[in-house]
Amino acid sequence: MNLRNIPLSGVAMITLLAAAPSHAQDYRAKAITMMKHDFHAKGIAGMERLNEDGLQAVCNRSNNKPPKGIAEQMEKDEAATVKLPADGKLMGDWKAGEKIAQAGNGMTWSDKPGVAGGGCYNCHQIGPQETSFGTIGPSLYKFGKTRGYGPDNQKYAYTKIYDSKITNLCSSMPRFGHSGALNEQQIKDLVALLMDPSSPVNQ
Amino acid sequence: MKQPIMLSALAALSLATMAPQAAAEEKPAAGKPQMKQMHARPTAKAAVDPTTADFEKFRAVMEDTNPAELFELKGKELWKQKRGPRNASLEQCDLGLGPGVVKGAYVKMPRYFADVDQVMDAERRIVHCMVTLQGFKAEDLAKKPFSSDAGTPDPVSLTTYVAAQSRGMKLAIPQKNAKEREAFQVGREIFNYRAGPYDFSCATCHGEDGKRIRTQVLPNLSTKEGAIATSQGWPGYRLTGGFMHTIQWRMNDCFRQQRFPEPGYVSDTITALLTYMGANASGQVYNGPGIKR
């Protein structure tokens, strides 16, 4: 749960609810009640996962198209939660990053507690050697080469992986740092995969 | 039952891989039309991967000797045998078309059942009949509801049998009753509900056309064309693990990957989702139990 978002989301929800037709609210309320009745905790997947945080509530109530003002404010709130590495270094080892990008495990009821894989190839094209990649997200092939290797882009990559919602409130991508799925070193390694000039991604 | 089937599946895969292209093409197209999305060419350029190609060859060869038919036969026996604490068969089970009518019932569920004043999907109704007619306990049937190394649960075989009796018929999920319409609307809300550590809803992966996870093509279940995927090929013999699974399992494992807690077996939530997607797909032909990757 992101406590920071709750006060604003309250306001946002009131605005959205006021605009929404009432029968849609009824069905949504019934859906949520039904799920809370029908589901049970299993392994690391507790029942609290059925609760929306503020951001999810706004995206659910706006069909992932939140009003501009609300989106901008909440994107700023999300940005304020990002913890950049204390040592100031945003790049790790691209070889370790490739392994993390390949691994799709983590956070399901059949996974053990602890850090997850990134599952990046599930949705993105990344390294040119991997032809089994998904297309839900954009291609990241030649990410650094195309965008530039500078510190601003390193920070952009780190931040996007840490919390994808900062630049697009209702993005389909998980918030890997925010949710604790990936730790600081893992995110650094993924940044290296995208941004290191010697990474296969940039060849 | 599992080991021999897996062996034959592997053998057929080898044969399929070696078979000349013509063998697959000779198959009559009309008899058992294939799932559309499995044939859809992935959009990105690296998409023609060997795994998908092999699987399609395998499916073409296996179509006429689908292991699912063995479970259909087992389900037929289970349907007719006197079983359970009450030593009764399921032949008086009402699947919506009257007691004992199995033919054509599967493509008309989920539907409203007046005797329970509820909407039920096929497997849920079969479980209901096992409880009310045969005296089995619902909580026992819910303990290990999915196929595993421990075996294939009876409701899976029974659902496969019932589904097979609708082969070649059009899906016609009723939306006349108020509770059926409500199940559709609630199902749509569940489909779009984002929550959990990854902010996923069903729609995150199944709400757009032409998307893939890795090389697996994702049907857009919010459209008429895509929604058929929740019916087509299910119940299905799944090559991963070599198990017979129903749509109840598919919904369960999707929620696992959505990083949600676990939905109850044959619960309202699953019925609502199946009503939403089933009604979306109405009018399209159901090809019977199938093979899944």
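**Exercise 1. Across the chains**

How many bridges join E1(A) to strand E8 of chain B, and do the strands run parallel or antiparallel?

Solution. First, the ground rules. The model is predicted: local features need pLDDT of at least 70, side-chain atom pairs count only at pLDDT 80 or more, and totals for chains, interfaces and linings use all residues. Residues are numbered from 1 along each chain as its sequence is written, while chains are lettered from A and ligands numbered from 1 in the order in which they are written.

Step 1. Helices (H or I, at least four residues) and strands (E, at least two) are DSSP runs, numbered from the N terminus. Two strands pair if DSSP finds at least two bridges between them.

Step 2. Find the strands. E1(A) and E8(B), residues 262-263, are joined by two bridges and run antiparallel.

Step 3. Name a pair. Phe39(A) has Pro263(B) as its bridge partner in E8(B).

**Exercise 2. The wider contact**

Determine what each chain gives to the contact, and which element of chain A gives the largest share.

Solution. Step 1. Count residues. Chain A contributes 40 residues and chain B contributes 35 residues. Two residues are in contact if their C-beta atoms, placed from the backbone, lie within 7 Å.

Step 1. Locate the elements. On the side of chain A that touches chain B, helix H2 (22-38), strand E1 (39-40) and helix H3 (54-61) each supply at least two residues. H2(A) gives the largest share, seven residues.

Step 2. Sort by type. That side of chain A has 18 nonpolar, 15 polar and seven charged residues. Here Ala, Val, Leu, Ile, Met, Phe, Trp, Tyr, Cys and Pro count as nonpolar, Asp, Glu, Lys and Arg as charged, and the others, Gly among them, as polar.

**Exercise 3. Inside chain A**

Describe the layout of chain A, then explain where the buried residues of H5(A) lie.

Solution. Step 1. List the elements. Chain A has eight helices and one strand. Their order along the sequence is α-α-β-α-α-α-α-α-α.

Step 1. Check burial. A residue is buried if 20 or more other C-beta atoms lie within 10 Å of its own, exposed if 12 or fewer, and partly exposed in between, with C-beta atoms placed from the backbone. Of the 203 residues in chain A, 45% are buried.

Step 2. Turn to H5(A), residues 94-102. Trp94(A), Gly97(A), Glu98(A), Ile100(A) and Ala101(A) are buried there. Seen down the helix axis, the buried residues of H5(A) fall within an arc of 165°, so they line one face. The arc is that of the directions from the helix axis to the C-beta atoms. These buried residues pack against helix H8 (184-195) of chain A.

**Exercise 4. A sheet in chain B**

Work out the strand order and pairing of the three-stranded open sheet, and say what packs on the sheet.

Solution. Step 1. Read the order. The sheet runs E7-E6-E10 (chain B), with mixed pairing. Strands E7 (243-245) and E10 (289-292) of chain B are at the edges with a single partner strand each, so one side of each has no neighbour in the sheet. Neighbouring strands are turned by 30° against each other on average, direction ignored. Axes are lines fitted to C-alpha atoms, for helices over the stretch in contact, and angles run from 0 to 180 degrees between N-to-C directions.

Step 1. Take the parallel pair. Four bridges link E6(B), residues 233-238, to E10(B). Gly236(B) has Gly290(B) as its bridge partner. Helix H8 (154-164) of chain B packs on the sheet, touching E6, E7 and E10 of chain B, and its direction makes about 130° with that of E6(B).

Step 2. Take the antiparallel pair. E6(B) and E7(B) share three bridges. They form a hairpin with four residues between them, and Gly241(B) in the turn has a positive phi of about 95°.

Step 3. Compare partners. Arg238(B) stands opposite Lys292(B) in E10(B) and opposite Phe243(B) in E7(B).

Step 4. Check burial. Six of the six residues of E6(B) are buried. In E10(B), Pro289(B) and Ile291(B) point one way, Gly290(B) and Lys292(B) the other, and all are buried.
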